[in-house]
Amino acid sequence: MSAGYACLSVDEIRLSMEEKGTRVILAADLFTISEISHILNEVGRHICMLKTHVDGIHDFDLDRWMDEVVRPARKMGILLFEDRKFADIGHVSKIQMLGHQRIADWADVVTAHRISGPDIVEGIHDAWRECGRRGSVAVLAQMSSSGNLLDEEYCRKVVDSCRGMDGVCGFIGNGSNPSNISELRSLVGSDKMILTPGINLNSGEARMGQRYGHPREAIAAGSDAVIVGSGIIRNAEPLAAAKKYAEETSA
Ligand code: 5IU
């Protein structure tokens with residue numbers, strides 16, 4: 001199905017990752033622009049995307065964000081991935097994309113739930129179109145947190161309904177469980193991506209219902225890229241840790 005709007009394609013995202021030579025997405029769950037800018041500069045060579053929760057940044061200021069995070073990331077060939085988990089109706093998701101943090105102006109990939117209906121994808125892309133930009137949506141098919149309600153049937157419905165959407169580059173899968181990832185891969189086929197949070201070399205670091213799996217197992221099970229936060233940002237040596245995760249996920 002042609003989307004009727006210009007999207008960032010799966011091929012473009014995969015090419016950008018290949019050019020960086022790493023399948024690590026950094027979850028930069030930090031509180032200030034300086035902290036994010038600092039970790040980006042430190043580990044940038046080992047990551048293909050920078051995943052943010054921009055609503056958690058205490059000193060958010062758009063000009064500083066663009067100067068200290070967005071432009072440096074672009075120079076390093078890193079895609080900006082805002083994990084906003086949009087879930088409202090299409091029109092409200094569009095408003096949120098164009099709100100205070102101007103997500104549509106800088107994010108290349110955003111996450112969304114499929115729960116409210118397929119028009120959420122169109123609302124998000126409408127925002128990018130208004131900004132003269134292209135991006136893509138990663139839809140939550142599974143989650144890594146224990147007790148979540150995204151069961152197998154929900155996952156299958158999500159994949160079936162998004163398979164033909166050009167505006168969806170892929171799905172979020174449960175990185176903590178390789179068999180969940182391989183089941184998801186068999187539903188998805190090869191045309192779309194699977195990105196997996198819930199990855200840490202030390203599974204004992206899991207807090208508040210998070211669960212962790214091994215990066216190599218996630219990739220072997222069919223993940224395109226692993227999302228790593230604590231394993232890098234809470235490590236005493238983030239650069240060495242990022243390098244290690246990149247090596248663990250290389251062929
Ligand atoms: N994240 C998950 N699990 C999910 C989804 C997103 O952990 O199912 I969807 C996010 C939350 C956090 C990052 O930003 O991925 C994982 O961080 P840690 O590696 O620190 O657990």
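Predicted model: local features only at pLDDT ≥ 70, side-chain atom pairs only at ≥ 80, totals over all residues.
Residues are numbered from 1 along each chain as its sequence is written, and side-chain values use heavy atoms, with hydrogens and water left out.

Asp83 belongs to strand 3, where strands (E, at least two residues) and helices (H or I, at least four residues) are DSSP runs numbered from the N terminus. Along the chain, Asp83 and Ala107 are 24 residues apart, and their C-alpha atoms are separated by 9.6 Å. Lys85 also lies in strand 3, but at 26% relative accessibility Lys85 counts as partly exposed. The phi angle of Lys85 is near 50 degrees, which is a positive value in a residue other than glycine.

## The ligand and its surroundings

Where does the ligand sit? The ligand sits in the largest pocket. On a 1 Å grid over the protein atoms alone, a pocket is an open set of points with protein on both sides within 12 Å along at least five of seven lines, whereas a cavity is a set of points where a 1.4 Å probe fits but cannot get out, and lining residues have an atom within 4 Å of a point. A molecule sits in such a pocket or cavity if more than half of its atoms lie within 2 Å of its grid points.

There are 17 residues around the ligand, and Asp29, Ser144, Gln210, Tyr212 and Ser230 come nearest; a residue is near a molecule or strand if one of its heavy atoms lies within 4 Å of it. By class, this shell has 8 nonpolar, 5 polar and 4 charged residues, where Ala, Val, Leu, Ile, Met, Phe, Trp, Tyr, Cys and Pro count as nonpolar, Asp, Glu, Lys and Arg as charged, and the others, Gly among them, as polar. Strand 3 (79-86) and strand 8 (225-228) each supply at least two residues of the shell.

## Polar atoms facing the ligand

A polar side-chain atom of Ser144 lies 2.7 Å from a nitrogen atom of the ligand. In the side chain of Gln210, an N or O atom is 2.8 Å from an oxygen atom of the ligand, and for an N or O atom in the side chain of His53 the distance to an oxygen atom of the ligand is 3.2 Å. On its own, the ligand has 490 Å² of accessible area, of which the protein covers 89%; accessible areas come from the Shrake-Rupley method with a 1.4 Å probe, and for residues only the protein chains shown count as cover.

## Residues in and beside the helices

Arg102 is placed in the loop between helix 4 (90-97) and helix 5, and Arg102 has a positive phi of about 50 degrees although it is not a glycine. Its relative accessible area is 27%, so Arg102 is partly exposed. Ile103 lies in helix 5 (residues 103-106), and Ile103 counts as buried because its relative accessibility is 1%.

Ile232 is found in helix 10 (residues 230-233) and counts as buried at 0% relative accessibility. Although Ile232 and Val43 are 189 residues apart in sequence, they are 8.8 Å apart in space, C-alpha to C-alpha.

Terms used
Polar contact = N/O pair within 3.5 Å; in protein donor to acceptor, adjacent residues only side chain to side chain. Buried < 20%, exposed > 50% of the residue type's maximum accessible area, 1.4 Å probe, protein only.
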